[in-house]
Amino acid sequence: MASGREKAYAYLKDTVLTDPAMQGEFLSEQDIADRIGVSRTPIREALLLLAAEDLVELVPKRGARVASLSGREITELMQLRGIVERYAAQHVIDTGQAPVRELGGFLERQRALSGPDQAKEFIDVDHLFHSSLVSAVGNALLDRHYEGLRSRQVRAGVVALYNQQGRQEAVLDEHRAIVDALAAGDAQAACAAIDSHLESTLKVLLAG
């Protein structure tokens, strides 16, 4: 059973910090404690952990504020994702372990989600799409490293959907290009499709 601190940490990282509306906002320890049914102590402990990851800022006499994603941080996030995901694509093709069916399933789940009210769920599945490609490598350390990007990745993805009308449809096309290249065993095309997808997302985010 998860401890109060673990419960608070998971809730903050997966629900609060992935909400674009919370960027730059101060957090109420009591409100969060009431929502998840714990005392304020584990909330404070979780916030200290998140501050160590630069996901929240601890402001003296004000409390914890959700750290905004800067243009530099967004750029670095996409660069790091590109390095990991290109490696994953090359590896799974070389080893014959490309998770084509699994990725296709996530793509169909995304296709069933549309509109701003389903943006968060769309991006949650988007993360599953990309993390499944990385997981197919079979490197546990790489998995943990990539999972550490999740809250920033989801928040950036939701912002991108709000910033550009039709972005969901473009993501579906970009994901289809990745799946098709993996299915064809074409590592060069897969890497190019990953780069195109990440570059498109970056442009939308920086333009917003």
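**Reading exposure, loops and helix packing**

Guide: K61 is exposed, with a relative accessible area of 89% (exposed means over 50%, buried under 20%, and partly exposed in between, with a 1.4 Å probe and protein chains only). The model is a predicted one, in which local features need pLDDT of at least 70 and side-chain atom pairs count only at pLDDT 80 or more, while totals for chains, interfaces and linings use all residues. Residues are numbered from 1 along each chain as its sequence is written, and side-chain values use heavy atoms, with hydrogens and water left out.

Visitor: Where does K61 lie?

Guide: K61 belongs to the loop between β1 and β2, where β2 covers 63-66; helices (H or I, at least four residues) and strands (E, at least two) are DSSP runs, numbered from the N terminus.

Visitor: What is the phi of K61?

Guide: Most residues other than glycine have a negative phi. K61, although not a glycine, has a positive phi of about 65 degrees. D54 likewise is not a glycine and has a positive phi of about 65 degrees.

Visitor: Where does D54 lie, and is D54 buried or exposed?

Guide: D54 sits in the loop between α3 (40-52) and β1 (56-59), and it counts as exposed because its relative accessibility is 56%.

Visitor: Which residues does R152 touch?

Guide: Leaving out residues up to four places away in sequence, R152 touches E53, D54, L55, L69, E73 and L77, where contact means heavy atoms within 4.5 Å. R152 is part of helix α8, and with 14% relative accessibility R152 counts as buried. N163 is also found in helix α8, which spans residues 150-163, but N163 is partly exposed, with a relative accessible area of 35%.

Visitor: How many residues separate N163 and R86 along the chain?

Guide: N163 and R86 are 77 residues apart along the chain, and their C-alpha atoms are separated by 26 Å.

Visitor: At what angle do helix α9 and helix α10 pack?

Guide: Axes are lines fitted to C-alpha atoms, for helices over the stretch in contact, and angles run from 0 to 180 degrees between N-to-C directions. Helix α9 (residues 167-184) packs against helix α10 (residues 187-207) at an angle of about 165 degrees, and their axes are 7 Å apart. On the α9 side the contact includes V171, I178 and L182, and on the α10 side it includes A190, I194 and V204.

Visitor: How far apart are the axes of helix α6 and helix α7?

Guide: The axes of helix α6 (residues 119-135) and helix α7 (residues 140-147) are 9 Å apart, and the helices pack at an angle of about 160 degrees. That angle makes α6 roughly antiparallel to α7. In their contact, H127, H130, S131, V134 and S135 of α6 meet L142, D143, Y146 and E147 of α7.

Definitions and conventions. Parallel < 35°, antiparallel > 145°, perpendicular 65-115°, else oblique.
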